[in-house]
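Please read them alongside the sequence and coordinates.

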Amino acid sequence: MFSKLKLLAKDTVIYGASTILARSLNYVLVPLYANKLSTFDNGIQAVVYANIALANVIFTYGLETSYLKVASDAIKRNEDERPLFSTAFFSLFVTSILFSALMLFFAPSLAVAIGLAPESGLFIRYAALILFLDTMLVVPFAELRLKRQAIRFALAKVMGVVGGVISTFVLILGLGAGLSGVFIGEALGSLVSLLFILPVLKSLKPFFSPGLHRQLLRIGLPYVPTGIAGLLIHLIDRNLLIRIPQHDIERLYGAGFQASDITGIYGRVAAFGVALQMFIQIFRFAWQPFFLQHADDPEAKPLFRQVMNLSGIAVIVLAVACTFFVPDLVRYHWGGVLYLLPPKYWMGLSILPWIFFSYVFDMISTNLSAGLLITGNTRYLPVVTFVGAAVTTLGCWILIPLAGMDGAAVAILFGTAAMCLSMAYYSARFYPVSYDWGRLSLLLGAGLAFALWHGELLLWLAGFGVEGGVAMTVKLLVVLLYLALGVLIFRSEASAVARMVKKKLRPSGGGRS
């Protein structure tokens, strides 16, 4: 059993590292887009990419998950899974051609439907190509996971992103392709991944089974509404922000901006939430095998409570630190030639505290999901997701006309908080754990207060002529003060961590003389 757990841990590290590396590389493009494309073009890109993510759920209609399930069961019965591979691949091949053709034909109308001008239909056509190529990768990547070929999986993923990033830089900087270069570069990256997984297609046979196809659809289709709802929590903001009325834009931001400009500024600033997103992603890769491994331990529930406390402290402190220092990184003129985001984007920096703290609720939900997975009550996970999506959508609809970009960010915070509360309800119902809600709430409330006080602190320091390095030092002291507050609130956990670190650092006996 221990050897199997070691294999699981090894695969988790490879899959996790490759996914995180791929996402991190993609964010290298954010300064390129911000500095070389207009805010208007960035708005188009933000809206189209948000809808590519939603359309991807429809293009794949749950077949990745269903193929893994059905093929895994076939292998356990010592049956040949290749008929399943061929059936799933040809199903996606035919339907993706159909869906892409519809997108190509109705591109101007689809552009209008998502809040863009008919002339943006060109980018809908690029999106159709990207979706087709990405869909062709779904079953081969699932096959690699099924056969535990983690290295090949990671290589194909990462090299696809590297190819896409390099292509985008060449197209925009070298060839002056503008916004089209963003989409063409993405398509080329998907094509590189496809080239790397071509050996997997050796399992493909000219075979299609209607019976197997019905079996795959029966498992896969229920994932479609849940997948869309999950994406809406973090993507509906772009789709509603692009529809903000012009008179609200002028009231909030003055003349000279259109809805696409506001959406572009919002999308580029919100991308800096990647710091917390990556932190949670790393935790999630380690957390699921961990709690499944220890679910039957006598001390499982106290252990999970401590994990909640430590991960909660870490993500809240990180959210406060990012709120204090990310704006400085954005405004810094690197080498006197480059801003991460040029000054025209700085009007959107006020959304950052809301974006950062929305990930705090994501972390808490990730912890709480253990209870539903351990007890097998996963049928309630879609309910949780739909609650979050509904609150986010309603919040955006109400708050965007009132507060623009800040309204959209606050709506995301409300949506993730609602999802967290729903998850807490079901977790307590099926797998009650005595979490330290009082202390966590105190730390979170203090963190929000520190974050929202950040702007007032800057104005107060500027009134005394304190700027630059001195102001940074003051802010660092404030963050350390908040960390000290966290240590005070969670004294026992801090002491345990200190003892563990001290034990690790203590030299073992029998050292060299």
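**Note on helix packing, salt bridges and a surface patch**

1. Helices α3 and α7 are oblique to each other, since the angle between α3 (residues 39-60) and α7 (residues 121-146) is about 40°, with axes 10 Å apart. Angles under 35 degrees count as roughly parallel, over 145 as roughly antiparallel, 65 to 115 as roughly perpendicular and the rest as oblique. Axes are lines fitted to C-alpha atoms, for helices over the stretch in contact, with angles from 0 to 180 degrees between N-to-C directions. The crossing of α3 past α7 is right-handed (the near helix is turned clockwise from the far one by less than a right angle).

2. The model is predicted: local features need pLDDT of at least 70 and side-chain atom pairs count only at pLDDT 80 or more, whereas totals for chains, interfaces and linings use all residues. Residues are numbered from 1 along each chain as its sequence is written, and side-chain values use heavy atoms, with hydrogens and water left out.

3. Helices are DSSP runs (H or I, at least four residues), numbered from the N terminus.

4. There are five salt bridges in the structure (a side-chain nitrogen of Lys or Arg within 4 Å of a carboxyl oxygen of Asp or Glu). One of them joins Lys475 and Asp328 at 2.2 Å, N to O. This pair links distant parts of the chain, 147 residues apart, with Lys475 in α20 (residues 468-489) and Asp328 in α15 (residues 300-331). Lys475 is buried at 1% relative accessible area, while Asp328 is partly exposed at 23%. Buried means under 20%, exposed over 50%, and partly exposed in between (1.4 Å probe, protein chains only).

5. Within helix α4 (residues 63-76), Asp73 and Lys69 lie four residues apart, about one turn. Their closest N and O atoms are 3.3 Å apart in a salt bridge.

6. Which residues form the nonpolar surface patch? Leu155, Met159, Leu188, Leu191, Leu195, Phe196 and Leu198 do, with about 570 Å² of accessible area together. Patch residues have over 30% relative accessible area and no salt bridge, and nonpolar side chains (Val, Leu, Ile, Met, Phe, Trp, Tyr) are joined within 5 Å. Helix α9 gives the most, with four residues; Leu195, found in α9, is exposed at 53%.

Methods: Patches are made of residues with over 30% relative accessible area and no salt bridge: like charges are joined within 9 Å, nonpolar side chains (Val, Leu, Ile, Met, Phe, Trp, Tyr) within 5 Å. Accessible areas come from the Shrake-Rupley method with a 1.4 Å probe; for residues, only the protein chains shown count as cover. Helices (H or I, at least four residues) and strands (E, at least two) are DSSP runs, numbered from the N terminus.
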